[in-house]
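Open the model in your viewer and get ready to select residues. We will go stop by stop.

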Amino acid sequence: MKHAVYLVLLFIGVQLFSGWLGNLLLNIPHLQSGAPLDVTLFSKDPTALGLSLLFSDVVLIAFTLFLVKTQSKHISVLLLFLSVLVTLPVLFLVNILTESLHVPDTMNETFYGMKDHWICVFAIAVVGPIAEEVVFRRGILGSLLTMRLKPWCAILLSSILFGVIHFNPTQMIGATLIGILFGWFYYRTGNLLPSILAHITNNTIGICQLHFTSSPTASTKDLIGNSISLGLLVSIALCLACVLLICFYKQTKSHTNDESPLETI
């Protein structure tokens, strides 16, 4: 449990330090000229944001791997492929749900401004997912699963922490829900690769969606169009998600049990 607490504090601390350091470096010319510190410079510079994200992600990966040492189980290519396939309809359903709740998105303008900068795209779509899976699945969920908590309780708790740590109302809901799926992947397989690939898929689709919209406030519903098409797609996504989840469950029966899903060394 202490590892889980350490990692939550570490995640927050590294993010804050990375943002503070980036803002300070950008302000050096202003400070040298005698101008006051401009706290808005960092949020206006996509390159600085991207570099800050990369720095914090690398630090988080290194510290988590140092704190939590686990032995991953073997996993087949089929399971990796299934993890990506499952993510697609589930992600679509989660997006539709969060948009229907009309929860404010405080980061849409920032993400929209980052979509055309390769450093930001690389940080958000590749390095960020790896870092977050290492911290929240291998680190936090892995630590919780070694306790006397029921697996579903450990998955839910780690997913809530994953959602809250985004500090953005709409992401809190979406990340919590999709985090349950990622946590289930990790629990069922004892391997981090399925959740990493699923997370990369999730973030990459989010970046692509920004490229296909003309406004940062555009939604999935705007891309689809009329309500009849939306209803049909939701029905298809529900059916696909159920079928693929059952397939994934059957394929992982030999990988896990309720007693000891992960081997900790």
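Predicted model: local features only at pLDDT ≥ 70, side-chain atom pairs only at ≥ 80, totals over all residues.

**Stop 1: a histidine**

His-30 sits in helix α2, residues 28-32. Now show its contacts. Leaving out residues up to four places away in sequence, His-30 touches Ala-35, Pro-36 and Leu-41. Next, pick Ala-154, which is 124 residues from His-30 along the chain. The C-alpha atoms of His-30 and Ala-154 are 47 Å apart.

**Stop 2: helix α1**

Select residues 2-26, helix α1. Its 25 residues should span 36 Å at 1.5 Å a residue, and the end C-alpha atoms are 36 Å apart, so the two values agree. Colour the buried residues of α1, among them Ala-4, Leu-7, Val-8 and Phe-11. Gly-19 and Gly-22 are also buried. What covers the buried residues of α1? The cover includes α3 (41-44), α4 (46-67), α7 (118-145) and α8 (151-164).

**Stop 3: the cores**

Go to the largest nonpolar core, which has 46 residues. Val-90, Val-135, Phe-136, Ile-140, Ile-178, Leu-181 and Phe-185 touch the most other members. Elements giving two or more residues to this core include α1, α5 (77-100), α9 (169-189) and α12 (227-251). The largest share, ten residues, comes from α5.

Zoom in on Ile-140. Beyond its neighbours within four places in sequence, Ile-140 contacts Ala-4, Leu-7, Val-8, Val-135, Ser-158 and Leu-161.

Last, select Leu-49, Met-114, Ile-124 and Ile-207. They are among the seven residues of a second, separate core.

Methods: Residues numbered from 1 in each chain as written. Heavy atoms only, no water. Helix = DSSP H or I, 4+ residues; strand = E, 2+ residues; numbered from the N terminus. Expected span 1.5 Å × (residues − 1). Buried < 20%, exposed > 50% of the residue type's maximum accessible area, 1.4 Å probe, protein only. Contact = heavy atoms within 4.5 Å. Core = buried A, V, L, I, M, F, W, Y, C linked by side-chain atoms within 4.5 Å.
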